[in-house]
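Thanks for coming. I will go through one structure this morning, starting with its helices and then moving to its strands.

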Amino acid sequence: MNKFAAYRLLDRIITHTPQQTIDFGSRFAQRLGPADVIALSGNLGSGKTTCIRGICTGLQVTELITSPSFTLINEYHGRVPVFHFDFYRIQEPNELHDLGIADYFYGDGICLVEWPQVVETLLPAHHFRIQLYHANEKAFGRFSRQAGATDLQHTEAGENDRYKDGNRPRGAGQDDTATKFSPQDQRLIEAYQHDHTRD
Ligand SMILES: Nc1ncnc2c1ncn2[C@@H]1O[C@H](COP(=O)(O)OP(=O)(O)O)[C@@H](O)[C@H]1O
Ligand SMILES: [Mg+2]
């Protein structure tokens with residue numbers, strides 16, 4: 001996210017279980033309509049596909065969601081057509097030449113893109129980003145300190161915690177079962193909307 005200033009934070013949450021990540025995705029899907037593109041970034045196992053399961057649930061997709069690691073693209077049928085990409089194995093944008101990416105990105109379906117780096121320049125001016133971090137990543141530690149937490153089990157923000165943008169971090173700590181889960185399961189999820197007018 002180089003042009004970070006052009007991204008507006010929509011949501012920031014800590015999840016303690018895959019289901020909470022699915023629930024986040026499902027809620028996030030309420031923002032989405034035809035022609036939206038969502039780039040999901042984060043290390044292997046950070047929860048991109050899990051989050052996409054939630055988004056697809058929110059979009060009324062009933063098909064099985066699996067990562068298209070080899071096929072590059074899966075198509076699902078929700079309240080709008082949904083295209084799920086995984087570019088993990090792609091090194092060069094020109095390897096995607098035959099896929100006609102622009103037709104998808106500028107079409108009427110919703111595009112969900114794992115490992116979007118190779119298509120960064122093809123993303124439409126209006127797009128969403130979801131960034132996922134493992135609990136043990138540096139950024140997560142910073143987040144937990146910002147939130148005034150002493151350990152990752154209690155990262156629910158205090159009453160007075162605010163981010164620069166005035167948003168208050170929302171954690172899964174409202175759920176009183178959350179503290180039962182081990183810290184290595186925790187994920188920090190941030191959702192952004194690209195605001196091309198601030199480029
Ligand atoms: N809070 C959480 N959110 C998402 N996934 C989690 C969480 N805790 C544990 N997991 C597990 O981590 C893994 C995430 O895998 P996946 O969604 O395929 O990641 P990615 O697509 O980023 O490689 C799954 O096995 C999931 O069950
Ligand atoms: Mg994946």
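Which residues of α1 are buried? They are Gln20, Thr21, Ile22, Phe24, Gly25 and Phe28. By buried I mean that 20 or more other C-beta atoms lie within 10 Å of the residue's own; exposed means 12 or fewer, partly exposed is in between, and C-beta atoms are placed from the backbone. Helices (H or I, at least four residues) and strands (E, at least two) are DSSP runs, numbered from the N terminus.

Before going further, the ground rules. This is a predicted model, in which local features need pLDDT of at least 70 and side-chain atom pairs count only at pLDDT 80 or more, while totals for chains, interfaces and linings use all residues. Residues are numbered from 1 along each chain as its sequence is written, and chains are lettered from A and ligands numbered from 1 in the order in which they are written.

Back to α1. Its buried residues pack against β1 (7-15), α2 and β8. As a reminder, an α-helix has 3.6 residues a turn, so residues three or four places apart point the same way.

Now α2. Nine of its 11 residues are buried, and the helix is mostly covered. The buried set is Lys48, Thr50, Cys51, Ile52, Arg53, Gly54, Ile55, Cys56 and Gly58. After α2 comes Gln60, with a positive phi near 65°. Gln60 is not a glycine, and its place is the loop between α2 and β3 (73-77). With 13 other C-beta atoms within 10 Å, Gln60 is partly exposed. Ala35 sits in the loop between α1 and β2. It has 15 other C-beta atoms within 10 Å and is partly exposed.

Next, the ligand. Which residues come nearest to ligand 1? Of the 19 residues around it, they are Thr21, Gly47, Lys48, Thr49 and Thr50. A residue belongs to that shell if its C-beta atom, placed from the backbone, lies within 6 Å of the molecule. Two elements give two or more residues to the shell, α1 (18-28) and α2 (48-58). By class, the shell holds two nonpolar, 13 polar and four charged residues. In that count, Ala, Val, Leu, Ile, Met, Phe, Trp, Tyr, Cys and Pro are nonpolar, Asp, Glu, Lys and Arg are charged, and the others, Gly among them, are polar.

On to the strands. Strands pair here if DSSP finds at least two bridges between them. β2 pairs with β5 in the parallel sense over four bridges, and Val37 stands opposite Cys111 in β5. β2 also pairs with β6, again parallel and over four bridges, with Ile38 opposite Phe128 in β6. Four of the five residues of β2 are buried, and the strand is mostly covered. Elsewhere, β3 and β4 run antiparallel and are joined by five bridges. They form a hairpin with three residues between them, and Tyr76 has Val82 in β4 as its bridge partner.

What does Ile38 touch? Leaving aside residues up to four places away in sequence, Ile38 touches Cys111, Leu112, Val113, His127, Phe128 and Ile130. Touching means that the two C-beta atoms, placed from the backbone, lie within 7 Å.

Val113 is in strand β5. It counts as buried because it has 30 C-beta neighbours inside 10 Å. Val113 and Ile130 are 17 residues apart in sequence, with their C-alpha atoms 9.8 Å apart.

Last, Trp115, in the loop between β5 and β6. Is Trp115 buried or exposed? Trp115 counts as buried, with 20 C-beta neighbours inside 10 Å. Beyond four places in sequence, Trp115 touches Asp86, Phe87 and Tyr88. Trp115 and Leu40 are 75 residues apart in sequence but 6.7 Å apart in space, C-alpha to C-alpha.
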